[in-house]
Each structure stands twice: as C-alpha cells, then as structure tokens.
Amino acid sequence: MTQRPVTERLRFSVRAYLNHRHGPRQDNLVLREYVELPPGFNPRTLEWAARLRSQPRLIDATPLQLADAVLNHIRAGFTYTLTPGAYGDSDEGRFAIDEFWLDRRQGFCEHFSTAFVVVMRALDVPARIVTGYQGIDLDPQDGWYAVRNSYAHAWAEIWIEGRGWLRVDPTAAV
C-alpha cells in the first residue's frame, strides 16, 4: 500500500507463497459475516439463487457443486467487455447486481466477481471478493518483472470446510 498514487515505476522485492492457506478450516462464527447481504438490495438475484437452490439436483449440493452451477449460468450467455456502461446509477446501486445478472449480462472482472459473491452468499456459502494482479512481464534487460496496472483483476473465494478459502475466477467462465 502506498500513501499516494503511484505515478512512476517502483522497484521492490517480493516472495510468492503459492500453497498458502488462510482462514479457519472448520466452520465458525467469523464465517457468518461472509454470507451477509444488505437488506433490500438485488431481490431478483436473491430470488434467482433461491430457485437455483430448490432444483432437485442442488438441494443437498456442496459449495463446490453450487459454485459450478453458478459458473454454468455465467458460461451460458454473459459477455466480457471493458465498456459495459454504468449499473444501478438511478437507484443508488440497490439493483445493480439484478441488472447485471439478469438483464444486461455484460461486464468485466469486477462485475463478475461481485455478482458471483452475492449469489454464493445468497446460497449460504461464505464468499468474498479478492483483488490483485494477474500477469507479469519479464524485462529482458535486467531480469526484473513488471506488474502493470492493466493487469489488475478481481476474483472470488469461497470457503470450503476442511480446506479453507478456495479461489474461483468467475470471469474465466466467460
């Protein structure tokens, strides 16, 4: 984190821990905050999630099976674009996910990860949005890696009992 916007190239050393696991392995009260949703927001999406959950094949589904069903919904007709227009401007965002998930179905990683998390929480699966960078360029001159702002990405994580947080990239489903 920086105290001011980054306007020039920075150089620093980092380490990656690719097999790192974070958070509790067993269900506990802390996880309840990851299924909370604000009241009065996106009622059509919540209804959609309830209908999905009531399908006979998903009544006793695991979180991974539910995530797969939600990803299949994304695969069946969403479009990735960097210019989807604004969602939810006229209603203070109260129906932005409804509009994205059920009407326009166009967006970029922020739209996909946010909608995925809302749906998973509506299905009572702990979920959160994660942001970071995806991709690097190796500078052949000095061997350093360049991480560019254009590599910024948002994805989701769902909590799986016995495993902890598991990365899911709903944008990749498109």
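D68 is partly exposed, with a relative accessible area of 40%; here buried means under 20% relative accessible area, exposed over 50%, and partly exposed in between (1.4 Å probe, protein chains only). R75 is likewise partly exposed, at 46% relative accessibility. The two side chains meet in a salt bridge, with an N to O distance of 4.0 Å; the term denotes a side-chain nitrogen of Lys or Arg within 4 Å of a carboxyl oxygen of Asp or Glu. Side chains of opposite charge can pair when their charged atoms come close.

The model is predicted: local features need pLDDT of at least 70 and side-chain atom pairs count only at pLDDT 80 or more, while totals for chains, interfaces and linings use all residues. Residues are numbered from 1 along each chain as its sequence is written, and side-chain values use heavy atoms, with hydrogens and water left out.

Across the whole structure, the search finds 6 salt bridges. One of them joins R32 to D124, whose closest N and O atoms are 3.5 Å apart. Because R32 lies in the segment before helix 1 (43-53) and D124 in the loop between helix 4 (109-122) and strand 3 (127-133), the pair ties together parts that are 92 residues apart in sequence. Helices (H or I, at least four residues) and strands (E, at least two) are DSSP runs, numbered from the N terminus. R32 is partly exposed at 32% relative accessibility, and D124 is partly exposed at 48%.

A further salt bridge connects the side chains of R128 and E157, at 2.7 Å from N to O. This pair links distant parts of the chain, with R128 in strand 3 and E157 in strand 6 (residues 152-160), 29 residues apart. Both R128 and E157 are buried.
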